[in-house]
Amino acid sequence: MFTFIHAADLHLDSPLRGLSRHDDAPVEAIRGATRRALENLVDLALEKKVAFLLIAGDLYDGDQKDYATALFFNRQMLRLKAQDIPVFAIRGNHDAESVITKVLSPPDNVTFFSVKKPESHTLPTLPVTIHGQGFANAKVQENLAQKYPSSLSGHFNIGLLHTSLAGSTAHDTYAPCSLADLQKKGYHYWALGHIHQPELLCKDPWIVYSGNIQGRKINETGQRGCSLVEVNDALEITSQRLVPLDVVRWAHLQLDLTEISDESALHALISQTLQQQLQEVGPRLLAIRLTLTGSTPLHGVLHADLSRWQAECTSIAVELNSEQIWFERLKLRTTPAYDPQELAKRDDLTALVLTALKRFTPQKKPAALDALEAKLPAPALTELNELAESDSLSEEVAAIVLHSIATSE
Amino acid sequence: MRLDSLSIPAFGPFSDFSLDFPKSKYDVHLIYGANEAGKSSLLRAIHHLFFGIPRSTPDNFLHPNSQLLIGASISEGKETLNFFRKKGLRNTLLDSAKNSLPESSLTAFLGSVNEEFFQNMFGLTTHSLRAGTAKLLSGEGDLGTAIFSVALGGSPIDDAIKKLETEAELLFKARAKKSIIPLAIKAHKEAEKASREQSTSVTAWKNLQSDIKEARAALAEANERHRARHTRSLYIENCLAALPLLSTIHELEKQLAAIQAPSLPSDFPKRVRAHQSQAAANSQAFQLATSQIKNAEKSLAQLPDFSPLLAATTEFETLKRKADQQLENLEALPHLQASLADIDLAQLHPVRSADLTLMTEAADSLHELTQQKASLTRKLENLKIELKAQHAALTEAHDLGELEEQCRLADEFAAEKASLSNLEKKLLTLRSQRDKLSARLGVHGDPSTLQIPGTRAIQSAAREQEALHTEHHEIKARLRETRDALADEQSALAHLASQAPIYSQADLSQSRAERDALWAKILSSQQIAPTLTEAISHADQVADTLRDHSEHIAQAAGHQAKISQLEGKLTRLHDDLKSAKKALEKWENSWRPQSRELSPIALLEWREDWEKLCTLITEEETLNLEITQLHQKEITLLAELGGKEFTTQHRSLKLALNRAHQEQGERNLIQKQVSKNEVKQQQLSQEATALEKDLSTAQATWDQACARCKISPELPPKAAVEALHERARAHERALDLKSRQTAVDDYQALVKSLAQRFAVDPSEPALSAYYNQAKIDQGRAKTLETQLAQLKDSLPKIQLAHEADLATFQTLAEQAGTEDFEPIIRQHEKRSSLLTRLEDQKTALQNLAGLTPLTEFLENLEQEEATALAEEKLTLDQSQENLQQERDHAKAQLDEHLRRQAELQKNTDLAAAQKQASADALAAVVADAQRFRQLQYAIDFLKQQVDDYRQKTQGPMLEKTSSFFKALTSGAFARVAAQLDEKDQPQLIAIRAGGEPVSTSGLSEGTADQLYLALRLAAISLHLENHPPIPLILDDLLMTFDDKRTQALIPVLQELSQQTQILIFSHHAHLEELIGKSVLTQRL
């Protein structure tokens, strides 16, 4: 009967994070990635001749300092207007009403739901009613879903909501609610936004996170796109699938080096892995991180000269396809081929060092770090502190210490 | 663990080699071996015994890898283990019966010691001693790092820290702007700034919208003003143009009123002219028709009667049609008659086409079969001749077996003999080389009997000689340096002495003592000693000098101390030089008997040539033997084959064999051809029989055909067929003659008949001309009759038209009021012209009035004044330029704003792209900062460990080191101690026996060696206090020690041997003498 698209978290014109440039970096390929993804979204809507498009919040990444972003959005919406495709959107925590201080009016085929109370919009040509409410400010903590109206009988009811549901470890909690809250509304489809990882939570009713349309950092790996939904005459969903729209695909792979004992074998393994990934992602750019694991004789060499190995990986990527791979970072989680605890037995000194390493916690900050932190831009400092929480600093320091002792002459 | 014995079945140069290390009071063992005796191989064997033989080993030159085997007996308290180690990937540990043994059996003795630790901690070499000493002498004697480093087995921890610090500083260093992180931060900030600058700000956008609105309004206003001026200006222009038109209209109206003629329809002149033209045409047509009727009637009357001719039309047409045939027949008749003149037509027998075909086929068949028979007969005869020749060519075959065997033997030997000349050439070359080499080496007789030292022995001697020379030269250089330094110090001291006496504290004490003694004497004797004044004065002088020149004296004291130190050093260097000379002489004495008066390097080259000579002689002997064997074989073979010379005989045999093979081949070929020809002969005979039968049948058919056609069978078939054809052709010509004669007669009869009927000359041309003219006249009569009828039909119509013309004339005259139309028409046309002009003027006025109705325009026009209008127009024209500029300006403003708006609306992502660049730079900052943080934590951690370890081990370490150091320096130094430097960092210092402190950098090289050795031995001793013993191996460690120091080391080693077994490897023969019976000696 009709088809519609549910997308969310466009974060238009926000940059991709964590990609250090090098001479051969495919800079042009990542330029305007979120814009290209939005263009892909509109292309899909036109190709599938959808009845309407839903945007479940975080269209913008924050207050618009650059109106070019809104102008670009409007141009894309005008393409949909030319084919009579209406767009229904809500504001999320990133583009809440209080955050977006100056607004460029969108074309009249785009409807933004109220941020004060839930609203319902019924399509003039189809028995479809969409219920939704946007964020008035960036810190909405109340359960918005509870106040959504009941379903309209004889209509296909859709709930449009920006929420973290009951809470997510990777995302801040906003407009919290439970699955039961959503289920009892009697809607056919809940189009959710905020969580960037696409997820089908429930099929009765359909509760879906479409995820963001373009991954923006290394923990947003895999396909990114929108949810394409087909509804039959009985107002039942006959098909729902995620359609990729991303132009840069993030991948984070772990390579086990247990069987790898020399540098040429490691080189070959990395090359082969990158090649496989390149085939999997198709015509888009691959932004990849490799984490090396396992017990290997190369443990010391890798830790001793991480920057050289990082450059080596970048070089392999460039050789394979300089236009289609951006090697994000090389991380080490290897362990030495020998057992450090065995070493501890051999003499007091090693035992002392190893015992101290076991006790080591990054609490007492080295004085030299203060000077660096004073110079770091605030976002870098924040990111560094976040990394400190997730990073296994003790393991890294232990590896560096053991290797430096072993190789000093 | 101690090593009780070594048993090496196969490894390096050893085969079934064994060494025992019996227990005694002191567990110190000297393993002596001259160079190349296998000392290094033995050291490697001990390592591999415990930790496995590596995949790639240099010790497989005598025994293959698979046979390499090292064995030992080790013990730990009461536990013992006898085992072997073989080479391989797994299960390389074997028990005494060579069965596989688990590694854990050995690990129980080794504990947690791995190969690296065994090498570093329990292996002391000259190299490691030198490196450690160099560190101490360079002044980097930080106590913590020194203790830490020796505890690691000599790896300096400060190097590790420095390496990490260097990497960290590359990333970030306070106040260094060009390190990696600050540069990335700068790139991040620049990109952020660029992003802000390239943003389309909200305010700018809104201002632009407002500007566009204002610009649109301004343009609309300017347009309005411009339009109003233009309208007024246009009105004035129109008024000025309309005023002359108005006066013209008035004038035209006056002229119209003056015309008197009645008003006529506008087409009146046209109707008059049409009537006049029509009437004239009608009158002319009537006259022409009447005249044409008369002429036609006259011509018709003059034409003849055509009915007789029409009755004879068929005959005339036949005559005309057959005229050409008549001519052809007349021409052919004489030729036909002539060709048949000699033939009797009555006797000519008719020929049927079937007979002709029968005769032709029978003749062809007979001819073909006759030809085939002749060909077959020729072939048979040829074949008989060929067979006869081939039978004659077949001769009896020869036996080839013997000839082939002889050839095979000759070929085999020829192949061997081919190499003979090469062998002989090679032999000559070898002899020449051997002679040259023998002459160069001065060797006569068999060189292999000479006793020449091995390459490794010579190389070792060369290294030893070089080391001794180097040492000798180094001591000499140090001696020179020390002498120079001593001279400098003495010169400085003399300079200081020349400025003031150089008193010491002792001088002052002595002076004061003398003065005090005298003073006591005075007090006791109440007599003033004559020397008192002098003594007091001297003491004061000394005190004053000491006070006034304290710095000067302190410097002098420094110089004196240095001089004393340098003098000591000089003495030691002299001793060292003597030792070095002695060592060199000793080496030369030991070298001379085996050296052939050559240096080791020269002997190495000589040895290479000698080896080459031995090889040459062996090769020469082998060659000689080969050549002799070949000659003997040739003689035997010639006896068997016959002949005097092998090459000639070999060639003859080859030719004979070739020829025999060729003949055999030819005979085989002929035999095959004979068989083939005999079969062919049989086939041809059969064909000839069949052909004969066909020929007789064909002859019978021919005879029958000749009888049927009445042709003589005697004629040859071809001639008979031709005669029959000729007969058929004569018959056809006779028939043709008859037919043509009949046609000629008929035609002539017709000509004659027609000529009589129409009285025309009796010839075909005359008759044809008469007939043609009659036909033309007949056609002309028909045309005239048609014309006449048409003319008669047209006459009534012409009459009616004339009557209509008269009626029209009457009507026109009534309208004009006169029959004279011309004056009336002229007046009518003038009026029309005036009216047209008047209408044009009014149209022009209406154009000027535009949309305004003409009456309203004329009313307005009546009120306007031309002069005033012209003046106003001038003013308006003058204001036009300003208004145009105003409008252009407003338009340009709007265009500019719209252009900016279009630019902003374009697909611009410059700001976003810069934001991306900023994020990229930030990523680099974070990655590098993360590494920097890890490095800083590692550096701090290591420094903390060094400090902790120092604090923990400083006491026992210094105590143990002091004990060893005192013993090693034979009491010259009392101990070592820790002293804080200017940075409050503890530094290692040595304390002389007299209590004088000396920093590590101030120690002599020899003493620094002893200090470093004391530190290492102390670290080992302390380690052994808490860990099971592992044999300590000293590899040529004593090479840098003089005899005195070596002797001082022995008690230290004896003391340490109470904790673990000590193995001393050395190639110095005199070491055994030096350390005497205090250690057990093993010789390799």
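Guide: Two residues are in contact if their C-beta atoms, placed from the backbone, lie within 7 Å. This is a predicted model, in which local features need pLDDT of at least 70 and side-chain atom pairs count only at pLDDT 80 or more, while totals for chains, interfaces and linings use all residues. Residues are numbered from 1 along each chain as its sequence is written, and chains are lettered from A and ligands numbered from 1 in the order in which they are written.

Visitor: Which residues of H21(B) and H22(B) meet?

Guide: From H21(B) come B:Val751, B:Leu754, B:Ala755 and B:Phe758, and from H22(B) come B:Glu764, B:Leu767 and B:Tyr770. By class this contact has six nonpolar residues, no polar ones and one charged; nonpolar means Ala, Val, Leu, Ile, Met, Phe, Trp, Tyr, Cys or Pro, charged means Asp, Glu, Lys or Arg, and the others, Gly among them, are polar.

Visitor: Why is H21(B) called oblique to H22(B)?

Guide: Helix H21 (residues 717–758) and helix H22 (residues 764–816), both of chain B, pack at an angle of about 50°, and their axes are 10 Å apart. Axes are lines fitted to C-alpha atoms, for helices over the stretch in contact, and angles run from 0 to 180 degrees between N-to-C directions. Under 35 degrees is roughly parallel, over 145 roughly antiparallel, 65 to 115 roughly perpendicular, and the rest oblique. The angle of about 50° therefore makes H21(B) oblique to H22(B). The crossing of the two is left-handed, meaning that the near helix is turned anticlockwise from the far one by less than a right angle (clockwise would be right-handed).

Visitor: What makes H10(A) roughly antiparallel to H26(B)?

Guide: H10(A) packs against helix H26 (residues 910–968) of chain B at about 165°, with the axes 9 Å apart. That angle makes the pair roughly antiparallel. The crossing of H10(A) and H26(B) is right-handed. In the contact, A:Ala368, A:Leu369 and A:Leu372 of H10(A) face B:Ala929, B:Phe932, B:Arg933 and B:Gln936 of H26(B). These residues divide into five nonpolar, one polar and one charged.

Visitor: How many residues of chain A are in contact with chain B?

Guide: On the side of chain A there are 55, in contact with 62 residues of chain B. Elements giving two or more residues to the side of chain A include H3 (67–81), H8 (340–346) and H9 (348–359) of chain A. H12(A) gives the largest share, seven residues. The side of chain A that touches chain B divides into 31 nonpolar, six polar and 18 charged residues.

Visitor: Why is B:Arg887 called partly exposed?

Guide: B:Arg887 has 19 other C-beta atoms within 10 Å. A residue is buried at 20 or more such atoms and exposed at 12 or fewer, with partly exposed in between, so B:Arg887 is partly exposed. B:Arg887 lies in helix H25 (residues 866–905) of chain B. Leaving aside neighbours within four places in sequence, B:Arg887 is in contact with B:Ala222, B:Asn223 and B:His226. B:His226 is 661 residues away in sequence, and the C-alpha to C-alpha distance is 7.8 Å.

Visitor: What makes S5 and S9 of chain A edge strands?

Guide: Strand S5 (119–122) and strand S9 (199–203) of chain A each pair on one side only. Strands pair if DSSP finds at least two bridges between them. The open sheet has six strands in the order S5-S6-S7-S8-S10-S9 (chain A), with mixed pairing. S8 (189–193) and S10 (206–209) of chain A pair in the parallel sense over four bridges. A:Trp190 stands opposite A:Ile207 in S10(A).

Visitor: How many helices and strands does chain A have?

Guide: Chain A comes to 12 helices and 15 strands, which are DSSP runs numbered from the N terminus (helices H or I, at least four residues; strands E, at least two). Of the 409 residues of chain A, 44% count as buried.

Visitor: In which sense do S8(B) and S9 of chain B pair, parallel or antiparallel?

Guide: S8(B) and strand S9 (residues 986–992) pair in the antiparallel sense over seven bridges. B:Val976 stands opposite B:Ala990 in S9(B). H26(B) packs on the sheet, touching S8 and S9 of chain B, and its direction makes about 155° with that of S8(B).
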